[in-house]
Amino acid sequence: MQQLRLASRPQGELRNEHFALVETPAPRRDSAALLLRPRYISVDPYMRTRMRAEGYDYIERWDAGSVLSGWSLAEVEHSRHPAWQRGDWAIGHLPMQTLVAHDGTALRCQPPGDPPLAFMHPLGMTGFTAWLGMCVLGKPGPTDTVLVSAAAGAVGSIAAQLARNAGARVIVTAGRADKRDWLRSLDFATVLDHRREDFAERLAEAAPQGITLNFESVGGGVFAAANDVMRTGGRVVVCGLISQYQQADPRRAPPNMALLGERGVAVIPFVAPHFSQRYADFLAETTPRVTHGELHWRLDVVQGGLAALPEALIGLLAGANLGKRIVAL
Ligand SMILES: NC(=O)c1ccc[n+]([C@@H]2O[C@H](COP(=O)([O-])OP(=O)(O)OC[C@H]3O[C@@H](n4cnc5c(N)ncnc54)[C@H](OP(=O)(O)O)[C@@H]3O)[C@@H](O)[C@H]2O)c1
């Protein structure tokens with residue numbers, strides 16, 4: 001079977017040569033309670049940070065030779081587990097390989113049939129992150145003006161809709177014309193380009209009274225521009241800083257952070273794994289919204305199996321995706 005590993009630790013831009021697709025013996029049919037065949041694997045910005053020497057403190061770091069892993073949707077090929085049958089769908093974090101032996105722990109089971117793709121996005125980790133950042137931490141309401149950057153991406157697109165559903169005025173940004181067109185087609189009235197040199201001026205024009213909640217996903221100049229227009233008593237939910245992930249010092253704050261202190265702004269950085277006990281609440285609240293079509297969601301499916309994953313991740317880190325990027329196996 002095939003397995004995708006980190007070949008070497010990237011310094012700077014991630015490239016194909018940092019990955020190794022290797023042939024290894026397949027697990028035996030009876031080597032675990034479940035034998036799973038992954039069909040879709042999520043491609044996420046945090047994967048780049050897992051490849052850094054400092055890594056994260058809540059998830060295993062990837063070193064040269066590590067088998068990569070990701071949020072996956074897999075078909076049960078063989079089951080000796082009383083709660084699972086062949087053809088069921090398994091959802092959870094899995095190693096990036098064509099067959100996975102598993103004991104079923106921390107996996108969600110869905111019945112056989114069409115792949116339950118909503119679990120790869122609005123009901124998966126990206127939807128959960130958007131819900132945590134907006135509904136649990138940012139808590140926008142009708143008096144808020146909310147900025148959501150990278151809003152044509154996975155987390156941003158859901159976060160922006162949640163803020164709008166809560167009655168807020170929402171300013172969204174995206175770095176490509178077709179992404180902005182998609183956001184307009186979802187009836188977002190104020191759609192800006194965060195990659196323009198004059199983004200800060202455009203944002204100030206779009207929010208003459210300032211913003212009260214910044215859902216930050218980009219970092220760098222985009223974060224600094226949001227700080228400049230932040231109103232007294234506002235909030236910043238720091239979801240991510242993607243523009244910095246391939247740089248030498250990826251966790252630095254913008255130079256105008258002191259403004260937030262002067263203005264009494266609450267800064268709320270978060271990572272979804274620290275809130276895993278809220279996943280059931282999230283599913284209970286979000287499943288009806290997805291079932292009734294109240295949340296728009298879009299997948300960016302890259303074909304080509306594990307061999308396509310390196311380019312899919314390299315592309316994601318450069319903004320190639322529209323919607324939630326996943327790889328089909
Ligand atoms: N806190 C958490 O637990 C958590 C969990 C998941 C994700 N996140 C964070 O949420 C953010 C969005 O993640 P996602 O999974 O939803 O990804 P995504 O938004 O679907 O894809 C990443 C997008 O970032 C945008 N981007 C903006 N500036 C960029 C730059 N300088 N270089 C590269 N891309 C840039 C690109 O869109 P444009 O073309 O519009 O620029 C790109 O499509 C990331 O910061 C990620 O780290 C945080």
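How many Å apart do the C-alpha centres of domain 1 and domain 2 lie? I get 28 Å between them.

**Entry 1: ground rules**

I'm working with a predicted model, where local features need pLDDT of at least 70, side-chain atom pairs count only at pLDDT 80 or more, and totals for chains, interfaces and linings use all residues. I number residues from 1 along each chain, as its sequence is written.

**Entry 2: the whole chain**

I looked up the secondary structure and found nine helices and 15 strands in the protein chain. Both are DSSP runs, numbered from the N terminus: helices are H or I with at least four residues, strands are E with at least two. The radius of gyration is 20 Å, close to the 20 Å from the globule rule for 329 residues, so the chain is as compact as a globular protein of that length. That radius is taken over C-alpha atoms, and the rule is 2.2 Å times the number of residues to the power 0.38. I also noted the box that the C-alpha atoms fill, roughly 65 × 45 × 35 Å along the principal axes.

Next I checked burial, and 43% of the 329 residues count as buried. To be buried, a residue needs 20 or more other C-beta atoms within 10 Å of its own, with C-beta atoms placed from the backbone. Then contacts, meaning two residues whose C-beta atoms, placed from the backbone, lie within 7 Å. Of those with a separation of 6 or more, 68% link residues 24 or more positions apart.

**Entry 3: two domains**

The domain assignment gives me domain 1 (2-121 + 297-328) and domain 2 (125-273). Such bounds come from an automatic or database assignment. Where the two meet, 18 residues of domain 1 are in contact with 20 residues of domain 2. On the domain 1 side I have eight nonpolar, seven polar and three charged residues. The classes go like this: Ala, Val, Leu, Ile, Met, Phe, Trp, Tyr, Cys and Pro are nonpolar, Asp, Glu, Lys and Arg are charged, and the others, Gly among them, are polar.

**Entry 4: around the ligand**

Which residues come nearest to the ligand? Out of 32 around it, they are G153, G175, G240, S243 and G319. A residue is near if its C-beta atom, placed from the backbone, lies within 6 Å of the molecule. I sorted the shell by class and got 17 nonpolar, 10 polar and five charged residues. Domain 1 and domain 2 each give at least three residues to the shell. Helix 2 (125-138) and helix 3 (154-165) each supply at least two, and helix 3 has the largest share, with three residues.

**Entry 5: strand 3**

I picked strand 3 (residues 34-42), where seven of the nine residues are buried, so the rest of the structure largely encloses it. Which strands does it pair with, given that pairing takes at least two DSSP bridges? Strand 4 (residues 69-79) runs antiparallel to strand 3, with seven bridges. Strand 6 (residues 100-102) is antiparallel too, with three bridges. Strand 15 (residues 324-328) also joins strand 3 antiparallel through three bridges. L35 stands opposite H78 in strand 4 and opposite A101 in strand 6. Y40 stands opposite A328 in strand 15.

**Entry 6: D300**

Last, I looked up D300 in strand 14 (residues 299-302). Is D300 buried or exposed? D300 is buried, with 20 other C-beta atoms within 10 Å. Leaving out residues up to four places away in sequence, D300 touches N321, L322, G323, K324 and R325.

Definitions and conventions
Buried ≥ 20, exposed ≤ 12 C-beta atoms within 10 Å, placed from the backbone. Pairing = 2+ DSSP bridges.
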